Amino acid sequence: MHDVITMSGVVKTFGRVRALDGLDLRVRPGEVHGFLGPNGAGKSTAIRVLLGLLRADAGEIRLLGGDPWRDAVALHRRLAYVPGDVTLWPNLTGGEVIDLLGRMRGGLDPRRKAELLERFELDPRKKGRAYSKGNRQKVGLVAALASDAELFLLDEPTSGLDPLMEAVFQECVRELARDGRTVLLSSHILAEVEALCDRVSIIRGGRIVETGTLARLRHLTRTTITAELAGPPDGLADLPGVHDLRVDGRHVRFDVDADALDEALRRLTRAGVRALTSRPPTLEELFLRHYERPGNGRRAAEAAR
Amino acid sequence: MSAAACTGTFALARLILRRDRLPLALRVPAVPALAYAVVAGFQELLPTEAARLAYYQGTARSPAIVGVLGPVHGPGLGELVVQRVGFLFLVVPLISLLTVVRHTRAEEEAGRRELLGATALGRHAPLAAALLVAGAADLAAGALAALALLAGGLPAAGSVAFGLALAACGWVFAAAGGVAAQLTANAGSARGIGLGVLGVAYLLRLAGDTAGETTGGAAGWPSWLSPIGWAQHVRPFAGERWWLLVPPLVAAAALVAVALPLAARRDLGAGVLPARPGPADAAPYLRGPVGLAWRLHRGPLLGWAAGFAVLGLVYGGAADAAERALSGSPELRELLARLGGTSRFGDAFIVAIVSVLGLAAAGQAIQAVLRMRAEEAALRSEPVLAGAVSRIGWAAGHLAFAGLGPAVALTLGGLSAGLAYGAGAGDVGRELPRVLAAALVQLPAALVLGGLAALLYGLAPRFAAAAWAVFAACAVLGQVGALLRLDDAVLELSPFTHVPRVPADDPRVAPLAWLTGVAVALTAAGLAALRRRDIPAA
């Protein structure tokens, strides 16, 4: 089965700024794909290119088997989009906007709309200007989720939602996944990504710096080891893959790359282990490593490899 | 109001100056430039007292000119100039009003007020700053206009009186804009209320002055109800009535005194008029770009249509009154025939008024086209284009209203002017189709300006508002171009120069056809550019 989204070597410049700098992104059918990156990394630009709103300067893009620029109208019948900042027409009610956007996509199910309005606790009779940020976001979410799309492009869709509504959103995405629909979810909320996504891609400076399952990404980073030894910790300092080693008498503390973990533990047991704790990398550490500024970030990312 | 309530007024005023520096730099000097050009034009065109007297009796005092531009208080150069630039008493208040709404309610609606409201900002500061800047711009325009008249060799007292009258008239409507901005939660409605008030003030002045001129007496009572009437009856150069500057100042102060407490008492983002809940489901028509465009354009469309209908009635009535006033004086008719290029004064007047309607229709077309720009800038075009809607389909919804709106408005204006004129002349059957045709031939020229706005929007959306500059240039060319003795090649830059002068002349199809062709070509080029560019444009 073909990928739902294929972007390879996509470049998009705005004047002298290279917003996308050779972006490669693959989203498989039926997966919930997390799309992560610091502010200004190019997430929204990439999604707008996928929507055919921006035209890429170079690179190959296929979306649902079509060209997002040329076949925009036909493709948009099969996808739904939620921007990170839903702006509404001040004189249209939320209910009107939901109906309008749904009909422009080729129709929506009124029962599904009513159900979603209830689940998100949204009053559809308010005018656009009267909604709070979170409620505007709910209008966008209900309009998208009430549709029968194959692909959902969600660009930080839960910004401004309270934790209860965040939970409702996660439930809805799980239902989509169960129905075999594909979701590209751009997000900053790591718990959301961890709870929902099968695979993630991390974008920085307009290119993908890491992509894969969360388990694999975890594997790519270091584990922190703290140990109390029986003898002196020989042979740790010169082991490739061991970082930030601190020795205080018989106490050692160091970070170790996943592929050096085996050898590091072997050398510890040679010295005799009295106590040992190991802490796997948290998601935060994982992402911070990729989010850091280009200079440190690259070094960290390379070191992580 | 306490000093604390005004904290931050000057800082905010500086912010407004920074944001509006380009429009201010253009519009403030435009007023004296125009005044000076008209003085120079009249000096050249009417060099002798005799020539000025003939113009005064034949043209300046005609009820039609008095109705459209304002009263004339004597045959001197100064009096004639002041009347000729009388439309400034509509334009300066209009800009003042829009400036105040833009920096109060529109800011609040956009949510930027909230950001500022959290800083050390007094409750009165936003409104006070907007009024301060608008008022200062009016005063600067008035002062420079006075200097321009002085430079043109006119007496000092009259020059100053004119400048002050203009500024005071601007202040009244700046303050009226301040009140309108408190009433509703949305800037569009606030502008609508303000424009309605301005329109009523203009029509009252028009009715009163026309009545006065037709009966040969003083201005009728409606003029005295209108701030524009007060300002235009200050009589610069003709025994200045300085005391008439007091009522506009009192009115402006009173309106500010109403607006400030209204602003201080209400919640941020709320209006005085209550907001009502709307329907939970969309009506069946709201299903695509055309339905959405209808929803977005219907309010302004109704406003324009009503304005055209009222203006048509008033103008049509004035034309008939003028026709009758002149029927007893064959010499005057003869003179007018030479000046106006037609044997029937009523026809010449109809040509004049439909040119105003045509210009207004161009404004309507530009406004409707630029709605696309506003939608794109606010990112509201994005969810629509993320649906199964092509760019052309989305644009077509808006363009339909840019084309049909002016057509509807011109039809209504032509019908109501034709009815009023025909009813007075006792021959509706003959006059109605003639006046209607005169109004409708304006449509192609109006659409050329709409097409230009569409081209600018497609190619360079950031500069789409430049269509208004072109509109202003066409207005100047049409109103005073001939007076300034501009070269024909320059005059012909305006599409309105090419419109046949129906009903004075026979309608010629050729210019109408090619004007329509130009409008279509401009729009098509704009759409082609829109299909190729990024949305939103970088």
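This is a predicted model: local features need pLDDT of at least 70, side-chain atom pairs count only at pLDDT 80 or more; totals for chains, interfaces and linings use all residues.
1. The largest nonpolar core holds 238 residues. The members that touch the most others are A:Val142, B:Leu166, B:Ala175, B:Val369, B:Leu449 and B:Ala453. Another core, of nine residues, lies apart from it and includes A:Ile225, A:Leu229, A:Leu236 and A:Val252.

2. When its neighbours within four places in sequence are set aside, B:Leu449 contacts B:Ala362, B:Ala365 and B:Ile366, together with B:Ala467, B:Val470, B:Phe471, B:Cys474 and B:Pro495.

3. In chain B, helix α1 (residues 9-19) and helix α9 (residues 125-151) have axes that come within 8 Å and cross at roughly 50 degrees. Because of that angle, α1(B) is oblique to α9(B). The crossing is right-handed.

4. On the α1(B) side of this pair, the residues involved are B:Thr9, B:Leu12, B:Ala13, B:Ile16 and B:Leu17. They meet B:Ala125, B:Pro126, B:Ala128, B:Ala129, B:Ala130, B:Leu132 and B:Val133 of α9(B). Sorted by class, the contact of α1(B) with α9(B) comprises 11 nonpolar residues, one polar residue and no charged residues.

5. The contact between the chains draws 33 residues from chain A and 31 residues from chain B. On the side of chain B that touches chain A, α15 (289-326) and α18 (381-385) each provide at least two residues. Helix α18(B) gives the most to that side, with four residues. The side of chain B that touches chain A consists of 19 nonpolar, five polar and seven charged residues.

Key: Residues are numbered from 1 along each chain as its sequence is written. Chains are lettered from A and ligands numbered from 1 in the order in which they are written. A nonpolar core is a set of buried Ala, Val, Leu, Ile, Met, Phe, Trp, Tyr and Cys residues joined through C-beta atoms within 7 Å. A residue is buried if 20 or more other C-beta atoms lie within 10 Å of its own, exposed if 12 or fewer, and partly exposed in between; C-beta atoms are placed from the backbone. Two residues are in contact if their C-beta atoms, placed from the backbone, lie within 7 Å. Axes are lines fitted to C-alpha atoms, for helices over the stretch in contact, and angles run from 0 to 180 degrees between N-to-C directions. Angles under 35 degrees count as roughly parallel, over 145 as roughly antiparallel, 65 to 115 as roughly perpendicular and the rest as oblique. A crossing is left-handed if the near helix is turned anticlockwise from the far one by less than a right angle, and right-handed if clockwise. Ala, Val, Leu, Ile, Met, Phe, Trp, Tyr, Cys and Pro count as nonpolar, Asp, Glu, Lys and Arg as charged, and the others, Gly among them, as polar.
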